Amino acid sequence: MLGLCEPSSEPLAARSRKQTHPEPSPPAPIATSRPSVSAVEMGARQREISVSEFFTKNRHLLGFDNPRKALLTCVKEAVDNALDACEEAGILPDIVVKVEAVGNGGPPPPASQASRFRITVTDNGPGIVRQQIPPIFAKLLYGSKFHRLRMSRGQQGIGISAAGMYGQLTTGKPVQIISRTGGRSPAHFFEVQIDTKKNEPLILEKKQIDWESPRGTQVTMEVEGRYQKGRASVDEYVEQTIIANPHVKLTYLTPEGETKELPRTYDQVPESPREIKPHPYGIELGMLLKMLQDTKSHWLSGFLAGDFSRVSPRLAEDICKTAGLSPRARPRDVHGQAAENLYKAIQSTKIMAPPTNCLSPIGERAILSGLYQQIKGDFYTAVSRPPAVYRGNPFVIEAGLAYGRGPEQAQEDQQKKAVPLAEGEADQSDDNELARVIRYANRVPLLYQQSACAIFKSVLDTTWRTYGVSQSRGALPAGPMVIFVHMASVWVPFTSESKEAIAEYDEIRKEITLALRECGRRLGAFLRRRERAYSEQNRRDIFELYIEEVVESCNRLKGGRLPVAKLKEQLQKMAMRRTGGEKTDEVLGKNGSGPEGLPHSIIVTPEGVEGEVPKMIVEPLAATAANGNGHPAVEEKAVAKSTAATKATAKTTSKARAKGRAPATGRRESAGRAEHGRKIDRRPRSAHPTAKSNARSRRGKG
Ligand SMILES: Nc1ncnc2c1ncn2[C@@H]1O[C@H](COP(=O)(O)OP(=O)(O)OP(=O)(O)O)[C@@H](O)[C@H]1O
Ligand SMILES: [Mg+2]
């Protein structure tokens with residue numbers, strides 16, 4: 001640098017003198033350290049950037065910023081597509097996910113040390129027509145979901161091609177696809193790569209092959225990655241996917257060679273959402289101008305009524321009148337000030353909210369079923385909010401909650417607490433553990449960028465203390481709790497292309513908060529009732545302990561002439577009356593009643609399940625499987641099913657009779673639904689191993 005500056009030969013004193021009396025001097029040339037570049041030269045350097053080149057450099061935007069996350073993103077994109085395709089075709093999804101460690105030239109290393117993985121995802125969906133396979137898997141921004149307004153997991157048209165591009169970039173291997181559209185058509189095998197300069201597919205191989213599946217798609221990618229269990233891992237993604245998609249049967253072959261069978265627990269394909277037209281409130285001026293140019297309608301009123309949802313021909317005429325435009329005007333002639341007037345007129349007209357049949361929320365029953373099957377707990381509840389709208393896009397918020405550690409664990413904890421702690425010894429109780437938030441957008445679990453997400457912020461902003469759960473300022477609520485939130489929308493406003501966090505629109509925040517508050521209220525009611533019931537039960541146990549003594553003493557005083565059994569019975573009745581009566585038994589789940597006043601909720605007690613667990617279907621399982629929550633696998637349940645069903649029906653009938661009402665209408669539910677719930681009560685009270693020991697230990701402690 002110094003060498004390029006003019007060296008000064010003048011002494012310092014002379015220079016400083018000059019500075020005190022400056023003389024006007026000609027403008028100095030711009031000092032530069034490099035040869036200057038002309039505009040023409042700069043112009044010659046301008047080049048178009050292809051979308052694939054852009055995302056090759058910015059792969060972190062697509063969720064490929066580190067090897068662990070990249071492995072998850074690849075699996076996620078393939079599984080999401082498979083589920084979307086199956087549901088769109090009305091097929092109950094049967095998905096196989098295989099992740100294998102691959103040796104770099106040699107034998108495959110153990111999964112934890114491997115840096116390369118082969119991912120294979122197979123579905124039983126409709127398959128893909130031959131011509132579409134190369135662009136789908138090797139062209140960014142190519143897909144069937146971007147231009148339509150309808151709820152689906154994918155929306156951008158980048159997902160699977162980006163995963164393939166990441167594989168190509170890190171291992172040099174192409175994506176392999178097998179697809180078949182039906183039993184009579186052949187299966188096609190393709191090996192494709194993306195030409196990143198042109199964003200076009202390169203077909204390396206294509207042929208017809210024999211494939212055992214009658215219909216579906218299989219995609220195989222080799223990518224650089226890291227396999228590690230725990231939070232935000234492939235395993236967690238699979239687990240959480242099943243919670244929000246109980247209609248899916250998923251087989252997961254882990255890199256460690258395990259086979260995890262996650263059975264289908266709900267046998268209905270979600271209702272297929274309808275495609276809707278844009279709502280007038282959701283469009284911006286530029287968009288309106290483009291629509292005016294592209295429309296096939298010849299009249300302005302026809303354009304408004306035909307290209308937007310919720311605009312009737314009469315309303316279209318009204319809008320034209322407000323804008324001062326003729327309903328017979330040609331849409332293409334509406335531009336400039338006229339278009340602005342039209343835009344303002346639309347915004348000032350009262351238009352009905354968009355239809356919501358474009359959404360397919362999970363539903364309270366399915367959420368309850370998913371949470372119950374996968375998470376251990378004592379209390380479960382689910383809330384589906386009515387549809388709302390942000391920027392013209394309809395959406396539905398659903399929330400669920402699983403609280404507690406399951407009755408067995410709760411009992412162990414209770415016993416541990418009986419041992420007094422030494423001074424300074426920390427109490428590792430439930431309260432030290434923070435709640436876990438599981439977030440979903442269009443049924444897809446969101447595993448990264450939690451703190452940037454509107455769902456997480458709404459959970460933090462909810463005052464959980466009101467509902468009996470401790471919470472430090474600005475922190476998650478404490479306790480053994482899993483909070484589930486799902487946003488279903490035709491367009492989920494993600495904060496980035498990697499689809500990891502939901503943007504904060506006021507309408508969305510409000511709906512999430514309302515759903516969480518409802519869950520919190522139900523949890524609060526459950527906790528209060530349980531607390532009260534436990535203390536009443538303890539009192540009753542103490543009374544019962546002394547009844548024996550009192551009866552014997554009275555008998556002795558009366559010289560052995562007292563009717564001992566009668567007195568004992570009377571005292572027991574009195575103890576029962578004084579300790580909340582049957583209500584205490586009810587809350588503690590001892591008399592087969594459901595959680596009254598807590599809609600769409602399940603309470604699990606050592607004695608059994610209170611409330612209605614939504615219907616489970618029974619399928620034969622190939623491999624040994626246990627549900628994520630450690631509850632018995634489906635076959636075992638199937639065996640216990642008939643007995644449990646008979647018992648539960650009998651219990652509810654007797655209870656209903658006691659309350660003087662028809663058995664099936666106990667909780668304003670249909671007979672069929674009530675039946676389902678009882679059928680899958682997997683822990684018949686009498687058969688429960690902890691039921692008797694529990695009662696014994698309580699008596700002992702009293
Ligand atoms: N397994 C599959 N079966 C049938 N069609 C598929 C399958 N996988 C992908 N497709 C089709 O390929 C298209 C492109 O998939 P891609 O994942 O790239 O984008 P997307 O799912 O539309 O959006 P996103 O980028 O948000 O995932 C999809 O829109 C879908 O029509
Ligand atoms: Mg996709």
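User: Why is I194 called buried?

Analyst: I194 has 27 other C-beta atoms within 10 Å. A residue is buried if 20 or more other C-beta atoms lie within 10 Å of its own, exposed if 12 or fewer, and partly exposed in between, with C-beta atoms placed from the backbone. The model is predicted: local features need pLDDT of at least 70, side-chain atom pairs count only at pLDDT 80 or more, and totals for chains, interfaces and linings use all residues. Residues are numbered from 1 along each chain as its sequence is written, while chains are lettered from A and ligands numbered from 1 in the order in which they are written.

User: Where is I194 found, and what does I194 touch?

Analyst: I194 belongs to strand β4 (residues 187–195); helices (H or I, at least four residues) and strands (E, at least two) are DSSP runs, numbered from the N terminus. Leaving aside residues up to four places away in sequence, I194 touches S52, A138, K139, S161, G164, M165, Q168 and P201, where contact requires C-beta atoms, placed from the backbone, within 7 Å. I194 and L140 are 54 residues apart in sequence, and their C-alpha atoms are 8.7 Å apart in space.

User: Why is α4 called roughly parallel to α7?

Analyst: The axes of α4 and helix α7 (residues 234–244) cross at roughly 30° and come within 9 Å. Axes are lines fitted to C-alpha atoms, for helices over the stretch in contact, and angles run from 0 to 180 degrees between N-to-C directions. Angles under 35 degrees count as roughly parallel, over 145 as roughly antiparallel, 65 to 115 as roughly perpendicular and the rest as oblique; α4 is therefore roughly parallel to α7. L71, L72, V75, K76 and V79 of α4 meet V234, Y237 and T241 of α7.

User: What makes α10 oblique to α11?

Analyst: α10 and helix α11 (residues 336–348) pack at about 125°, with axes 8 Å apart. That angle falls among the rest in the definition, so α10 is oblique to α11. I319, T322 and A323 in α10 meet N341, L342, A345, I346 and S348 in α11. By class, this contact has five nonpolar, three polar and no charged residues; Ala, Val, Leu, Ile, Met, Phe, Trp, Tyr, Cys and Pro count as nonpolar, Asp, Glu, Lys and Arg as charged, and the others, Gly among them, as polar.

User: Which residues come nearest to ligand 1?

Analyst: N81, A85, G143, G154 and G159 come nearest, of the 20 residues around ligand 1; a residue is near a molecule if its C-beta atom, placed from the backbone, lies within 6 Å of it. By class, the shell has six nonpolar, 11 polar and three charged residues. The largest share, four residues, comes from α4.

Note on methods: Contact = placed C-beta atoms within 7 Å.
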